[in-house]
Number of protein chains: 2
Amino acid sequence: MKKGNVLYGQSGGPTTVINSSALGVILESKRHSDKIGKVFIMKNGILGAINDSLIEVDNTDELKLEKLKHTSGAFFGSVRYKLKNSTESEIDYLAILKTLKKHNIKYFFLNGGNDSMDTCNKISQYLESVHYQCAVIGIPKTIDNDLVGIDHCPGYGSSAKFIANLMIELDLDNSSYPNGKVFIVEIMGRNTGWLTAASKLASVVDHGPDLIYVPEVKFSEKKFLKAVSEIYTKQRKVLIAVSEGIDYSSSCQTNSAVKDPFGHRALGGVGHSLASIVSSELNLETKVIQLGSAQRSVARISSRIDTKEAELLGNEAVRQAIKGTTDKMVTIVRTSNIPYSVKLGLENLSEVANKEKKLPREMISKQGNDITPAFITYAMPLIQGECQNIYKNGLLNIYSKK
Amino acid sequence: MKKGNVLYGQSGGPTTVINSSALGVILESKRHSDKIGKVFIMKNGILGAINDSLIEVDNTDELKLEKLKHTSGAFFGSVRYKLKNSTESEIDYLAILKTLKKHNIKYFFLNGGNDSMDTCNKISQYLESVHYQCAVIGIPKTIDNDLVGIDHCPGYGSSAKFIANLMIELDLDNSSYPNGKVFIVEIMGRNTGWLTAASKLASVVDHGPDLIYVPEVKFSEKKFLKAVSEIYTKQRKVLIAVSEGIDYSSSCQTNSAVKDPFGHRALGGVGHSLASIVSSELNLETKVIQLGSAQRSVARISSRIDTKEAELLGNEAVRQAIKGTTDKMVTIVRTSNIPYSVKLGLENLSEVANKEKKLPREMISKQGNDITPAFITYAMPLIQGECQNIYKNGLLNIYSKK
């Protein structure tokens with residue numbers, strides 16, 4: 001392949017390590033100056049490609065770039081935008097093609113979840129159909145950990161680590177009084193319980209939740225109230241981890257009618273709904289912890305393993321692209337649990353696009369309100385290690401465009 | 001004073017550094033074996049003294065005790081229990097006196113906020129009235145930072161640091177999309193806005209909230225909606241920090257009728273109430289982050305200054321007690337902002353008991369929806385430094401009774 005430029009974009013919800021993947025792409029691209037000229041980044045994901053709104057990475061200050069590792073958010077701008085099939089409407093594809101040609105893009109990377117892999121797949125197919133030679137590679141990320149074809153998703157380990165440790169802290173807090181409360185922690189997860197399951201890791205140091213509810217299991221209000229009542233009677237405190245996406249709602253939930261461009265319902269509020277029935281039916285004091293975006297943005301306590309893997313996948317995407325690989329997502333394949341080891345792999349974008357990996361049944365207890373040791377074995381390696389030198393004067397030392 | 005034993009207790013809401021003060025008392029007591037015999041800890045604060053439920057600290061493993069520095073909660077048990085005046089009912093006082101005599105307690109320490117200083121003051125007065133010789137010293141702590149007679153309260157700096165950095169992370173998260181949302185972060189604070197004001201520290205790195213509402217200022221729904229609308233129109237994202245205690249409520253708030261033994265209303269829910277009107281009146285998408293107890297329990301990101309000062313106050317309480325000081329609270333007096341320096345002091349318990357230090361008007365903007373640079377100067381030194389070696393295998397390496 002002739003020398004060309006790189007175009008990288010971020011897509012979907014941020015994770016604490018998505019900018020580490022960006023760093024991986026940038027640094028690896030610089031290592032292949034024989035094949036790669038410039039590195040461009042789409043402003044707001046695919047929208048940047050459609051609108052020819054690109055950022056050229058001219059910063060060669062690696063120390064400054066390293067700060068991307070503890071900079072939250074999708075630093076270069078993300079978007080939730082669903083590409084129509086090109087047979088239905090070619091307009092966006094023509095705009096993207098124009099941008100690619102204009103900037104001599106030969107390597108195209110989109111960093112996102114299952115919706116983004118769909119976008120990536122469609123672009124790859126389209127470029128092939130119009131015979132525009134460009135490697136198209138998906139770089140996975142999602143705190144939801146719900147991508148198929150990969151052992152675990154970059155971003156998941158850090159959010160899991162935040163949640164696991166928060167459970168320890170909240171249980172210690174709730175243990176402070178002779179009579180504790182019913183703590184209800186609402187955790188992100190639309191259709192899958194991976195993130196909520198992470199709360200179980202706190203049980204390794206005896207501070208795990210008493211009850212865990214995930215979207216994979218049908219929620220029963222009656223069983224829930226019975227369990228809460230029994231546990232409270234026994235130990236005068238209850239810690240509950242619940243996915244925002246369980247099938248339970250009440251009038252207190254905000255925005256439940258709002259849908260995003262992919263048709264997903266905006267969630268949030270189930271914690272308050274549950275608190276409301278615990279309060280009214282059991283007459284127990286409740287406390288709701290609704291972490292919201294904190295779960296995907298607390299970069300300062302990222303897992304080092306997660307940060308490193310995110311960067312490695314960025315590196316690998318570039319290496320694969322210059323080898324001629326296209327229409328693939330770079331993946332992580334676990335080769336051993338103890339000691340933890342992985343190798344990098346590839347999966348067809350079409351196999352990943354729009355699919356969702358649920359929490360396997362064997363990781364959920366028979367009664368459906370707890371998580372099993374099989375999950376702990378799977379997830380513990382992902383929360384190992386801490387990042388260093390992330391503060392300056394007590395505040396996050398983040399990357400800035402200035 | 002003859003050789004006697006120490007009795008220490010934790011009281012009121014936990015902070016991330018209250019156990020550092022416990023450590024300070026334990027370690028300093030060991031240094032004065034000529035004056036001090038054993039160290040006892042009341043289980044669940046004053047209740048432990050009333051019920052003669054004490055824990056004897058026989059652990060001499062200092063490395064293990066050091067873990068108290070990153071162990072959340074009031075590890076030895078706290079309580080919210082209001083002592084009646086001894087003239088009204090002597091029963092609790094007689095029980096406490098019996099416990100003190102039984103265990104030869106000559107040094108009594110209660111670690112808490114303004115309610116606890118009231119308890120401490122009453123006990124001190126009572127013991128004097130019955131001629132039982134015992135030094136009674138209050139050790140301050142509260143994330144609310146609302147004690148009078150002290151520059152700032154141990155526990156505040158760590159919670160402030162958590163909140164300030166979370167604002168940076170949330171603003172980065174909300175900046176990820178072309179159209180952001182209205183993020184509403186509900187922060188603890190019953191009557192004072194100290195903790196909510198800490199959100200402003202994020203402005204030092206240009207990621208502070210757009211609007212900050214504290215209980216010291218009357219809340220106007222009309223002005224609020226106008227401000228949100230204007231800011232959103234301009235920058236397509238809004239970050240709001242709001243104290244749980246502002247005078248605004250709606251049907252979605254849980255437990256608002258429940259009061260604690262001091263007559264304080266249980267709070268929580270104002271974030272959802274505000275989200276609800278933003279959604280209905282302005283038709284903007286909202287996201288509520290309700291941190292709840294996370295704010296006072298995220299020990300892993302404590303400020304080192306705060307942890308150190310909490311321990312020092314524990315040390316100082318013991319030193320003062322063996323010098324014969326009684327009926328006082330140990331305090332922090334700031335001697336310089338830049339470089340930050342403090343000295344330790346004393347305040348009469350009666351001056352601290354039941355009083356509340358509000359956020360001064362000069363730290364709140366004229367319009368009442370922002371915080372001024374005067375606050376930043378005051379608070380920045382309190383969030384400096386990080387604690388080390390707090391994890392083991394990715395999970396908090398906490399102190400445990402085992």
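Predicted model: local features only at pLDDT ≥ 70, side-chain atom pairs only at ≥ 80, totals over all residues.
Residues are numbered from 1 along each chain as its sequence is written, chains are lettered from A and ligands numbered from 1 in the order of writing, and side-chain values use heavy atoms, without hydrogens and water.

In general, two copies of a chain are related by a rotation about an axis and a shift along it. The same surface serves both copies, as 99% of the contact residues of chain A recur in chain B. Contact means heavy atoms within 4.5 Å.

Chain A holds 13 helices and 13 strands. These are DSSP runs numbered from the N terminus: helices are H or I with at least four residues, strands are E with at least two. The C-alpha atoms fill a box of roughly 70 × 45 × 40 Å along the principal axes.

Of the 402 residues of chain A, 64% count as buried. Buried means under 20% relative accessible area, exposed over 50%, and partly exposed in between (1.4 Å probe, protein chains only). Chain A exposes about 14,700 Å², and carbon and sulfur atoms supply 48% of that area. Areas come from the Shrake-Rupley method with a 1.4 Å probe; for residues, only the protein chains shown count as cover. Among contacts in chain A between residues at least 6 apart in sequence, 77% join residues at least 24 apart.

Chain A carries 50 positive and 42 negative charges, and their mean positions are 3 Å apart. Lys and Arg count as positive, Asp and Glu as negative; His and the chain ends are not counted. Each charge is placed at NZ of Lys, CZ of Arg, CG of Asp or CD of Glu.

A:Gly208 sits in the loop between α7 (194-197) and β7 (211-213) of chain A. A:Gly208 is buried, at 17% relative accessible area. Leaving out residues up to four places away in sequence, A:Gly208 touches A:Ser199, A:Ala202, A:Ser203 and A:Leu239. A:Ala164 is 44 residues from A:Gly208 in sequence, with a C-alpha to C-alpha separation of 7.9 Å.

Most residues other than glycine have a negative phi, and most peptide bonds are trans. The bond from A:Ile338 to A:Pro339 is cis, with omega near -5°. A:Pro339 lies in the loop between β10 (328-336) and β11 (341-348) of chain A. In chain B, a cis peptide bond joins B:Ile338 and B:Pro339, with omega about -5°.

B:His131 is not a glycine, yet has a positive phi of about 60°. B:His131 lies in the loop between α5 (114-129) and β5 (135-140) of chain B. B:His131 is exposed, at 73% relative accessible area. B:Asn354 also has a positive phi, of about 65°. B:Asn354 is partly exposed, at 45% relative accessibility.
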